[in-house]
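The following exercises concern a protein structure with worked solutions. Please study the sequence and the structure before reading each solution.

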Amino acid sequence: MAAVMTAALFTGCGKSGDTAKSDSDNGVITINYPTFQCGVNTAAPVVAKLVAEFNKEYAGKYQIKLEEVPGDANYVDKIKVQLGTGDLPPVVYGAGYNLLDLALAKNLVVDLTDKVNADPEWKALYSKTALNTNSRNGKIYASSVEGSIVGYFYNKDLFAKAGITEPAKTWDEFFQQCDKLKKAGITPLAMDTADSAWVTQLWWGAMVATSNENGLKFMQTMNPSDYNTPEMVAAVEKVQKMLKEYTTLDAIGGKYENAANNFLSGQAAMIANGPWMIGDFSDTTKTTEGFADKVGAAVYPGNFVYDAPIQGYFVTKQDDPKVEEAAIAMVKFFTSAHAQQLGLEMQGMVPASDTVKITDKASEKYPLLVDFLGKATNASIRSDNMQATMYSNLLDVVSQELPRLYSGELDAKAFCQKLTDAAAKNK
Amino acid sequence: MKIKKGWIPVFLLPAVVLFLLIYALPLAMVFGTSLFDYRLTAQKMTFIGFENYIRLIHDPDFFKALSNTVIWIFIQCILHVALGTIIALILYKKPRGWKFVRTAYMVPNIISNAAIGMIFLNIFNPQFGVVNSVLKAAGLEKLTHNWLMDSATAFPSVTLIWVLFAGYTTTLVLAQALSLDESMLEAARVDGATPFQVDMMVVLPMLKKIIGTTMVMAATYMLQMFDLIYITTNGGPGKTTTNLPLQLYGVYKTENNYGYANTIGVCIVLVGVIAMTVINKALKVNKEDY
C-alpha cells in the first residue's frame, strides 16, 4: 500500500498523458478521455457511438481519443490518483461516485454556469433534480446524461402463487405480502449486505423517505451526520426484520450478484433495483427463457420512487483554454437530448431530462422500462438514494455492521450510532 | 588468493541504489507524510506534527486491527509453523508416498489468494456451502451457521483459510532435515534413543534455524495479509476480522486520508520490526550453532 501511495506521489512528477493536447500538424485538439464505459459495460456501445459521431461532427477541430479503463473501481482509483497530482483528464464522468466534490475541493472544475445559461437548448435539459445534482453553491459544474429512477421488481408468478394480485401501496400491506409469500414457501426478498448493500439500502431508504417529512428531508440531505433519528431507527428495525425473516440465508455477507441471482433464478419474489437490470431479465446466460415476461415493476409503498439524475460529466481546468472549450463541447454533445435518446434506445438508459421523449423504438424494445417510467411519473414522493448522499466512508460501515444487526449483536439504535460515529470522522 | 576489496562497493552499489529507491525512499516518504494533514480533498498538505499518531492511540478501530494482526502473527508462527514442521518430520523418514504428499501439500500455496478466497467463500456459504451441507447431512442442522458473517465464528473461519496450508514451511524444513548428517542420527539410535527421542532431541534442535526462518516468513505473510480477508469478510462483521493492512486501505480508500493511512503504515513497519526481532532473539536465527 505504501508503495502504491508513493507511486501516486511520484506520478505528480510527470504528466500522465490523459490531458488533451493540440496536434501541431493540423490544429486538431485531441481529448484523451478515460472511461470505464468500455468492454462489457452496458453503456460501452452508446459511448463508442457518441465518440464516433462527435469526431465526425467536429472533424478537423476536435477529436476524442478513448482510453479504456475496465471496471468502475479502477476508473475511480485512477481519477483519485490523478486528483492527487492535480493532473485530471479534460472531461471526467462523475457517475455514481461523487467525483465532482472531490475535484471541486481541489478547485479543478470549470464553472459551466454561463455556458449553460447562454444556451437555452442545453439549459432546458436540466430538470430541477438535475440542477441540484450537478450544482454547488448556485453554480453549475456538471451535466447529466442518465437519470436514476429506481423502484423494485417483482415476480408475477410467485405473487400469483401466494395470492397477491398487485404490489403493495403501504408498508403495512408490503409486510403482509411478505408474510403471505413466506407462508406459500417463497422467499419474499432478495437482499445483500456486502459491497455497501445496494439492494438492502434501497428498501431501507424508501422506508425512511416515506416515514414522514423529517424522513424525506433526511433523504434529501447531502452528507447527513446524524443517523440517530426516530425515522432512521424505525426503518433500521424493519431492515433487521427483513434480514431475519424475509430473505435468503446468503444475503448476510452476500453481494449484489447473490441478490440478483436469487431473483433471476426465481428463488426470491422481489428485488429493489434500477431499470438497468431489465436487460438481465431476458439474458439467458443469467436466467431462464421467458423470465422477462414474469417480471413486473413497481414504485415503493407510500408512492415513493428514487429519482435523481446520476452526476454527470464535468470539465476540468486545463492550461490551454482551447482544450477547455473542446471539453465543454464534448460534455454538451454527450449530454444532449440526442445522446440521452440514444442511451434510451440502445441501452434502455433512463434519460436525465424529463423533456426527452420515449420513442416507439424504445417502447418496443423495453416495454417493462416504459411501463415503470409511466408508474414512476405518478409517484408523489421522490429523493436521491441513501448511498449517493451518505459520506463515502459509511458505505463500508453499513456492509460491516448489517451482519451484526442481523445477528442481534446490534439493535437498531446501536447500528444508527455506528453510522453517526463514522460520519463524525469526516468533520 | 588476495581479494581486491576495492571492487566490493562497486558490486554492492546497484543493490544499494535499488534498495534506497524502492524501499528506503518510500519508507521515508510514508513516515514523512504521516506527519501531515494529507487528504485528497485538501488543497495542500499541512504539517501537523504527531497529531495523526495521537488520533491513532484514541482510535478503537486501529487497536482492534492491531490486536487481530498480532494474534494472527502469533497463530501463524506457532500453529502454522508447528503443523508444517510436524509434516516435514514425518516426511523426512521417507514413508511410502512421501514425494506425492510433499507435492500435494504445496498445491494450495501455489494457487492465488484471490482464488483461495473465492473457494472458501463458497465452502462457507450459508445457503449452499459444503460445511453447512455436511452438517445438514449428518443431522446437525442446529450447528449450521453463517460462518464468515457471525461475530462468534468469523475470526476462526477466516484463520482456517490459511493456517492449515503450511506447504512452504514443510518444504523448507524438509529440505533442511534431508540434508542432516545421517551419522549423528545413527549415533543417537545406537545410544538407545527411540525414534521420537531422535526427532525431539537431535533432529529438531538442528532444524532450529530453518524453523526460525519459516517463522519470520509466517509473520511477514500475516503483516501483508489483505486479499483473503478482503474477499471473504472485508474485515467484518463489524471489525471482527480486520487487520492493519485492511484498516490502512479503508482509511486510504474511503476517508481519502493519506496522512492517517501512512501513520498506520508506519505502525505496520514497527510491528514487523518488533516481530522479527523477537523471533530472531528467541531462536537465535543469526547466531552460529557450533
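**Exercise 1.** Which residues does Leu207(B) touch, not counting residues up to four places away in sequence?

*Solution.* The model examined here is predicted. Step one is to set aside the residues up to four places away from Leu207(B) in sequence. Step two is to list the residues that Leu207(B) then touches: Leu89(B), Val173(B), Gln176(B), Ala177(B) and Leu180(B).

**Exercise 2.** Determine how many residues of each chain are in contact, and state the area buried between the chains.

*Solution.* First, the contacts: 35 residues of chain B are in contact with 31 residues of chain A. Next, the area: about 3,100 Å² is buried between chain B and chain A, and carbon and sulfur atoms give 55% of it. Finally, the contributors: Leu40(B), Gln127(B) and Thr254(B) supply 19% of the area that chain B buries against chain A, more than any other three residues.

**Exercise 3.** Describe the polar and charged pairs between the chains, and the side of chain B that takes part.

*Solution.* Begin with the salt bridges, of which there are 2 between chain B and chain A. Asp61(B) forms a salt bridge with Lys425(A), with the closest N and O atoms 3.0 Å apart. On the side of chain B that touches chain A, α1 (7–33), α13 (244–254) and α14 (258–283) of chain B each supply at least two residues. By class, that side has 16 nonpolar, 13 polar and 6 charged residues.

Methods
Residues numbered from 1 in each chain as written. Chains lettered and ligands numbered in written order. Predicted model: local features only at pLDDT ≥ 70, side-chain atom pairs only at ≥ 80, totals over all residues. Heavy atoms only, no water. Contact = heavy atoms within 4.5 Å. Buried area = accessible area lost by both parts, 1.4 Å probe. Salt bridge = Lys/Arg side-chain N within 4 Å of Asp/Glu carboxyl O. Helix = DSSP H or I, 4+ residues; strand = E, 2+ residues; numbered from the N terminus. Nonpolar A, V, L, I, M, F, W, Y, C, P; charged D, E, K, R; others polar.
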